[in-house]
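Visitor: Hi, could you walk me through this one? I'm new to it and would like to ask things as we go.

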Amino acid sequence: MKVLVIGNGGREHALVWKLAQDSRKPTLFCAPGNAGTASLATNIPIPADDIQSLLEWALVHAPDLTVVGPEIPLCAGVVDAFASKGLRIFGPCREAARIEGSKIFSKEIMQEAGVPTARSAAFTDATAALLALHAFQLPVVVKADGLAAGKGVIIANTRAEAESAINSILLDRTFGVAGSSLLIEEFLEGEEASILALVDGEHIAILPSSQDHKRIFDNDQGPNTGGMGAYSPAPIVTPALQLIIRHRILTPILRTLRARGITYKGILYAGLMIGPKGPQVLEFNCRFGDPETEAVLPRLAGDLIPLLDACIDGTLNESMVQVRPDACVTVVMASGGYPGDYHKHIPIEGLEQAAAVPNTCVFHAGTTLRNNEVVTSGGRVLAVTALGKDIQSAAQHAYQGVSAIHFQGAQWRTDIARRAISR
């Protein structure tokens, strides 16, 4: 069996790592991959957003299954392109992927489905958006409508910050075409949680809960990033709360999409705020989260391929998901300067020592091989991941792994999973 994984981040390394353990012993390919996937798969030098080249490769090499990691190719229609040629591919079609590709579309679906979420208003004109600010209390959230690598959400604590965010998105086009429109949203209080669910168009199988850490610095300070760490399970997501999430959020969303003629297959990721009003949706994503995937996949027992196949074939059953009792913690090591400008091609030392820590795996995110040496190539460089009997022991293993790794300018948060541990 041949499996192609599209993408080059920590999420894709985690997917390749999990697929490599499958009982079918698939031959793995990753496009374009990174220094970590190179040890488990054959890296294919095709960018994840070059759909035509990916399709041409697939038509020649005929993978039995393709798994899409990033949101950009999903929103650009890679699933539609592969499926039109009879190729099996895991992920939502282009129209379904709009639930992440357009925050305004996503909000419309939520409102139509009656899903609890923040009050909001959409704008394409900066003057109108600035005038509307008076209708929102501070702090207020300003979101670029399109894809912005997890950085298009600004939490403004003052009116001046909100005005600056609006002007930056709509006038300065800081996020390019992703900022041709924006949402102003009320700020929701509470604790965040991430729910990743397998979906076959109708049936839902919820994966273990997790919690991401978006801000760059400890104690949730500084600008948003693509994610600085995660842990699973998230204690705030109790079994009773998970039932509410299923029946009040996930099921109505799928029903509303079907009413519009959209069949959603793949991963449906709900970013939630758990507060006084119960779970409210902050955002939906159309793919495995990153770094949540690195914290969730190690907790899955059994094979992954049957779950992906069931989503494609419409035969998904929640009993197919088997979860290990262990907890998992992922700590992201990032380049100095991230999420702003940063240097690349910095040598990384200590990877073997980190991998030797008990129950620890180092997933590569922004790495590449240069002259047989692993060097940095992105903002988020590594996702040091560990299992443990509880969150605290998993965090101890993960940070032990982090302490073994060295590269110039490396930065990481020291408080990943502290909220869960303090419980």
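Visitor: Does Asn372 count as buried or exposed, and what is its relative accessibility?
Guide: Asn372 counts as exposed, at 78% relative accessibility. Here buried means under 20% relative accessible area, exposed over 50%, and partly exposed in between (1.4 Å probe, protein chains only). Before we go on: this is a predicted model, where local features need pLDDT of at least 70, side-chain atom pairs count only at pLDDT 80 or more, and totals for chains, interfaces and linings use all residues. Residues are numbered from 1 along each chain as its sequence is written, and side-chain values use heavy atoms, with hydrogens and water left out.

Visitor: Thanks! Where is Asn372 in the chain?
Guide: Asn372 sits in the loop between strand 22 (367-370) and strand 23 (373-376). Helices (H or I, at least four residues) and strands (E, at least two) are DSSP runs, numbered from the N terminus. Asn372 also has a positive phi of about 65 degrees, although it is not a glycine.

Visitor: Why point that out?
Guide: Because most residues other than glycine have a negative phi, and most peptide bonds are trans. Arg173 is another residue other than glycine with a positive phi, near 55 degrees. Arg173 is in the loop between helix 8 (159-171) and strand 9 (182-186), and is partly exposed with a relative accessible area of 40%.

Visitor: Are Glu100 and Arg287 buried or exposed?
Guide: Glu100 is buried at 7% relative accessibility, and Arg287 is buried with a relative accessible area of 11%.

Visitor: What about Glu185, what does its side chain meet?
Guide: Glu185 meets Lys143 in a salt bridge, 3.1 Å from N to O. That pair links distant parts of the chain, with Glu185 in strand 9 and Lys143 in strand 7, 42 residues apart. Glu185 is buried, with a relative accessible area of 3%, and Lys143 is buried with 6%.

Visitor: Last topic: how many cavities of 30 Å³ or more are there?
Guide: One. A cavity is a set of points, on a 1 Å grid over the protein atoms alone, where a 1.4 Å probe fits but cannot get out; lining residues have an atom within 4 Å of a point. The largest cavity has a volume of about 30 Å³, the volume being the space filled by probe spheres set on the points, with grid points joined across faces, edges and corners.

Visitor: Which residues line the largest cavity?
Guide: Its lining includes Lys18, Leu300, Asp303, Met320 and Gln322.

Conventions
1 Å grid on protein atoms, 1.4 Å probe; cavity = no way out; pocket = protein on both sides within 12 Å on 5 of 7 lines; lining within 4 Å. Salt bridge = Lys/Arg side-chain N within 4 Å of Asp/Glu carboxyl O.
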